[in-house]
Amino acid sequence: MAESATVTVFRFDPVADVRPRSERYEVRYEHWHGVKVIDTIRYIYETMAPDLSFREPCRQQVCGGCVILVNKKPVLACAVFSEKEMVIEPLPDRKVLKDLIVALEEEKGE
Ligand code: FES
């Protein structure tokens with residue numbers, strides 16, 4: 001049976017946007033079990049928001065490149081399962097390069 005989730009995603013393109021905004025997406029899954037947060041983000045990207053930027057370098061919980069906030073908690077998006085209600089944001093105290101991508105230490109430019 002199909003299940004759905006409500007996912008609110010931080011969106012901001014410093015080149016084009018005056019300020020950040022939140023976009024809400026209704027995601028329907030045919031099979032809910034085993035859906036990782038990174039799968040949900042990729043699904044949103046592939047079906048609703050082709051301009052959404054995020055990182056998923058290894059998808060194997062190795063590199064740390066997919067770390068984001070889910071419901072205010074820092075997580076590896078490729079490691080944790082999706083929830084029915086999620087607010088997905090970039091890490092705080094980092095410069096946002098676009099959407100969920102933040103500057104790495106060497107990219108901070110400070
Ligand atoms: S994509 Fe590398 S740890 Fe998640």
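These legends go with close-up views of a predicted model.

**View 1. The five-stranded sheet, strand by strand.**
Five strands make an open sheet with mixed pairing, in the order β2-β1-β5-β3-β4. At the edges sit β2 and β4 (73-76), each of which pairs on one side only. Ignore direction, and neighbouring strands are turned by 35° against each other on average. As for what holds such an arrangement together, strands of a sheet pair through backbone hydrogen bonds, either parallel or antiparallel.

**View 2. β3 between its two partners.**
Here we zoom in on L69 and the strands beside it. β3 and β5 run antiparallel and are joined by two bridges. On the other pairing, β3 meets β4 through four bridges, also in the antiparallel sense. L69 has a counterpart in each partner strand: its bridge partner in β5 is E89, and in β4 it stands opposite P74. L69 also belongs to a separate second core of six residues, which includes F10, L91 and V96 as well.

**View 3. α1 laid over the sheet.**
The helix α1 lies across β1, β2, β3 and β5, and its run makes an angle of about 105° to β2. Which residues of α1 are buried? They are V37, I38, T40, I41 and I44. These residues sit on the same side of α1, because they cover an arc of only 160° around the axis. The buried residues of α1 pack against β1, β2, β3 and β5.

**View 4. Inside the largest nonpolar core.**
This core has 24 residues, and the ones touching the most other members are V7, V37, I41, I44, I68 and I88. Two or more residues come from each of β1 (3-11), β2 (21-29), α1 (37-47), β3 (67-70) and β5 (85-89). The largest share, four residues, is the contribution of α1.

**View 5. N71 in the β3-β4 hairpin.**
The hairpin of β3 and β4 has two residues between the strands, and N71 takes a positive phi near 50° there. Is N71 exposed, partly exposed or buried? N71 counts as partly exposed, because its relative accessibility is 27%. The side chain of N71 reaches the backbone oxygen of E85 at 3.1 Å. Contacts of N71, not counting residues up to four places away in sequence, are with E83, E85, M86 and V87. For a C-alpha reference, N71 and I88 are separated by 6.5 Å, although they are 17 residues apart along the chain.

K72 is found in the loop between β3 and β4. Its phi is near 75°, a positive value in a residue other than glycine. K72 is exposed, with a relative accessible area of 59%. Now move to the loop between α1 and β3, where Q61 lies. Q61 is not a glycine either, yet has a positive phi of about 60°. With a relative accessible area of 46%, Q61 is partly exposed.

Notes:
Residues numbered from 1 in each chain as written. Predicted model: local features only at pLDDT ≥ 70, side-chain atom pairs only at ≥ 80, totals over all residues. Heavy atoms only, no water. Core = buried A, V, L, I, M, F, W, Y, C linked by side-chain atoms within 4.5 Å. Buried < 20%, exposed > 50% of the residue type's maximum accessible area, 1.4 Å probe, protein only. Arc of directions from axis to C-beta. Contact = heavy atoms within 4.5 Å. Pairing = 2+ DSSP bridges. Axes fitted to C-alpha atoms, helices over the stretch in contact; angles between N-to-C directions. Polar contact = N/O pair within 3.5 Å; in protein donor to acceptor, adjacent residues only side chain to side chain.
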